[in-house]
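Subject: A structure for you to look at

Hello,

Here is the structure I promised to pass on. Have a look at it first, and then read on for what turned up in it.

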Amino acid sequence: MATVTYECPDDPDGCLRATSPGFCTRHPAAELEAVRVTAFADAPAAEPASVPIEASVATAQLNLRFRDRVLPIPPSGMDIGRECGPLADLPGMAELTQVSRQHAKVYPLNGHLYVKDADSLNHTYVDGRLVETPRRLRAGQVLRLGLDVELHVEAAEFDEFGLPL
Ligand SMILES: [Zn+2]
């Protein structure tokens with residue numbers, strides 16, 4: 001009998017894990033996500049197998065907004081930093097010394113987008129909380145690089161032809 005472990009996407013390390021789907025007791029809006037399958041509950045410790053990835057690209061469509069610029073996140077993810085990804089092309093970016101050359105990475109997993117810090121000097125935050133382990137990105141969050149560079153996570157909107165607005 002395989003056991004699936006579920007954890008809170010908002011604070012995977014701080015919140016209780018569960019063996020059945022549901023919502024986090026600390027974050028009632030956070031739906032627990034399946035993270036690993038153990039083949040037999042009583043089997044000797046084995047390498048946890050990953051839950052099969054539903055899709056290699058994200059189905060969640062999100063943009064990052066930096067000041068007045070909208071930066072679409074490709075379904076395959078992207079790097080974020082002073083010298084990589086879409087931020088590198090923005091005017092004035094080179095002066096933002098809080099941002100590392102490669103600061104963070106956004107990547108898809110199981111249809112969702114996650115962010116992880118890329119060993120940046122000044123760290124990455126989601127809604128003011130330090131990103132120590134990968135965190136799921138959701139519309140409405142503020143992704144912060146260092147102390148003062150704020151990227152607003154927004155839902156991408158599409159026209160009737162499926163093209164980004
Ligand atoms: Zn939680």
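The protein has a mean pLDDT of 84, and 84% of its residues reach 70 or more; pLDDT is the predictor's confidence in each residue, on a scale from 0 to 100. This is a predicted model, in which local features need a pLDDT of at least 70 and side-chain atom pairs count only at pLDDT 80 or more, while totals for chains, interfaces and linings use all residues. Residues are numbered from 1 along each chain as its sequence is written.

A contact here is a pair of residues whose C-beta atoms, placed from the backbone, lie within 7 Å.

**Overall make-up**

The protein has 13 strands and zero helices. Both are DSSP runs numbered from the N terminus, with at least four residues (H or I) for a helix and at least two (E) for a strand. Of the 165 residues, 24% are buried. A residue is called buried if 20 or more other C-beta atoms lie within 10 Å of its own, exposed if there are 12 or fewer, and partly exposed in between, with C-beta atoms placed from the backbone. Among contacts with a separation of 6 or more, 40% join residues 24 or more positions apart.

**Two open sheets**

Strands of a sheet pair through backbone hydrogen bonds, either parallel or antiparallel. For the pairs below, DSSP has to find at least two bridges between the two strands.

S4 and S13 run antiparallel and are joined by four bridges. Two residues of S13 to look up here are Glu154, the bridge partner of Asn63, and Val153, the bridge partner of Leu64.

S13 also pairs with S12 in the antiparallel sense, over four bridges. His152 in S13 is the bridge partner of Val142. S12 and S13 make a hairpin with three residues between them, and Gly146 in that turn has a positive phi of about 65 degrees.

The other open sheet has four strands, ordered S6-S7-S8-S11 and paired antiparallel. At its edges are strand S6 (78-80) and strand S11 (135-136), each with a single partner strand, so one side of each is left without a neighbour in the sheet. S8 and S11 are antiparallel and share two bridges; Arg135 in S11 is the bridge partner of Val115.

**The nonpolar core**

Which residues have the most contacts inside the largest nonpolar core? They are Leu64, Val106 and Leu137, in a core of 17 residues. At least two core residues come from each of strand S4 (62-66), strand S7 (104-109), strand S8 (112-117), strand S12 (142-145) and strand S13 (149-155). By nonpolar core I mean a set of buried Ala, Val, Leu, Ile, Met, Phe, Trp, Tyr and Cys residues joined through C-beta atoms within 7 Å.

Beyond its neighbours within four places in sequence, Leu137 is in contact with Leu62, Val106, Leu113, Tyr114, Val115 and Val153.

**A few loop residues**

Asn110 sits in the loop between S7 and S8. Its phi is near 50 degrees, a positive value in a residue other than glycine. Asn110 counts as partly exposed because it has 17 C-beta neighbours inside 10 Å.

His123, in the loop between S8 and strand S9 (124-126), likewise has a positive phi, near 75 degrees, and is not a glycine. With 18 C-beta neighbours inside 10 Å, His123 is partly exposed.

Lastly, Gly14 belongs to the loop between strand S1 (3-7) and strand S2 (33-38). Gly14 is partly exposed, as 13 other C-beta atoms lie within 10 Å. Its C-alpha atom is 9.4 Å from that of Arg26, twelve residues apart along the chain.

Best wishes

Terms used
Contact = placed C-beta atoms within 7 Å.
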